[in-house]
Amino acid sequence: MTTPDPSPDFLNTTRASYDAMAPAYVEFVRGELAAKPLERALLSTFAELAAAGGGGLPVADVGCGTGRVTAHLHELGLGLDVFGIDLALQMVAVAREEHPGLRFEEGSMLGLGLPDASLGGLLAWYSTIHVPDEELPRAFAEFHRVLAPGAHVQLGFQVGDEAQRLTEAWGMEISLDFHRRQPEKIAGLLREAGLDVRSVVWRERETDGPFPERAPQGFVLARRPSAV
Ligand SMILES: C[S@@+](CC[C@H](N)C(=O)[O-])C[C@H]1O[C@@H](n2cnc3c(N)ncnc32)[C@H](O)[C@@H]1O
């Protein structure tokens, strides 16, 4: 029922990098959503769709990091049973400490270990950015498998055409690949995985303010077709 996760090298380096960065990362992103009205609007839309069409099933924030977006979805007050999953145990530990009332688990989007059709929504907010092109179809097949018919998935990511490797952060040696992608490319792969694309959003990068960006941002909303 679940896809075996062979833990290839990119998973190990991604995990190790976020394990090392977790204490600094939580401060780095603190307050970011408050400065991003479009993102909050997209997350509210996703949450409403999950509340209305998720059949009361749990909603997973996959690649939840420090749990800030998991908590945001919870705090919207729509009654979502939202929980977080992340590859890096130290990020999970920070998320648990920051949001003691919420549930966070260690896991990979390439093999979520959840039953088929068990989610009323799935958020992948800047987490597929660490999955190489050749593995994305596996991740999207996994999203399709765990979503209930009619349930939505929302992705957020940096827009571009190239991958970049970060080897240093906050004075620490890391090895972390960032894959920028065109929204239409993500939409096409989601369609190939059997999902219906509902919305493709591109926004220009912000160059000023407290969280300046190096790239435009992309957001794709899709849903598993309802059973006929
Ligand atoms: C850029 S951070 C974003 C965290 C969070 N979504 C946020 O917006 O604050 C990327 C997160 O994705 C996680 N991640 C990367 N690859 C993953 C995978 N294959 N499965 C689950 N989580 C993954 C990382 O450990 C990291 O916490």
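Is K36 buried or exposed? Select K36 and have a look: this residue is buried, with a relative accessible area of 3%. Keep in mind as you explore that the model is a predicted one.

**Stop 1: the partner of K36**

E213 and K36 form a salt bridge, and their closest N and O atoms are 2.9 Å apart. E213 sits in the loop between β8 (196-203) and β9 (217-223), while K36 sits in the loop between α1 (9-28) and α2 (37-53), so this pair ties together parts that are 177 residues apart in sequence. E213 also counts as buried, because its relative accessibility is 10% and the cut-off for buried is under 20%.

**Stop 2: R203 and E39**

Next, select R203 and E39. Their side chains meet in a salt bridge, with 2.7 Å from N to O. R203 belongs to strand β8 and E39 to helix α2, so the two tie together parts that are 164 residues apart in sequence. How buried are they? R203 is buried at a relative accessible area of 9%, and E39 is buried at 4%.

**Stop 3: the network**

Which residues are linked with these in a network of salt bridges? Select E32, K36, E39, R68, R203 and E213 together, and you have the linked group on your screen. Side chains of opposite charge can pair when their charged atoms come close.

**Stop 4: D133 and K185**

Move on to D133 and K185. Here, too, the side chains meet in a salt bridge, with an N to O distance of 2.9 Å. D133 is in the loop between β4 and α5, and K185 is in helix α6 (residues 183-192), so the pair ties together parts that are 52 residues apart in sequence. D133 is partly exposed, with a relative accessible area of 37%, and K185 is partly exposed with a value of 37%.

**Stop 5**

Finish with the backbone. Most residues other than glycine have a negative phi. Select Y126, in the loop between β4 (119-125) and α5 (136-146). Phi of Y126 is near 60°, a positive value in a residue that is not glycine.

Then go to W170, which is found in the loop between β6 (163-169) and β7 (172-179). What is the phi of W170? W170 has a positive phi of about 50°, although it is not a glycine. W170 is partly exposed, with a relative accessible area of 43%.

Terms used: Residues numbered from 1 in each chain as written. Predicted model: local features only at pLDDT ≥ 70, side-chain atom pairs only at ≥ 80, totals over all residues. Heavy atoms only, no water. Helix = DSSP H or I, 4+ residues; strand = E, 2+ residues; numbered from the N terminus. Buried < 20%, exposed > 50% of the residue type's maximum accessible area, 1.4 Å probe, protein only. Salt bridge = Lys/Arg side-chain N within 4 Å of Asp/Glu carboxyl O.
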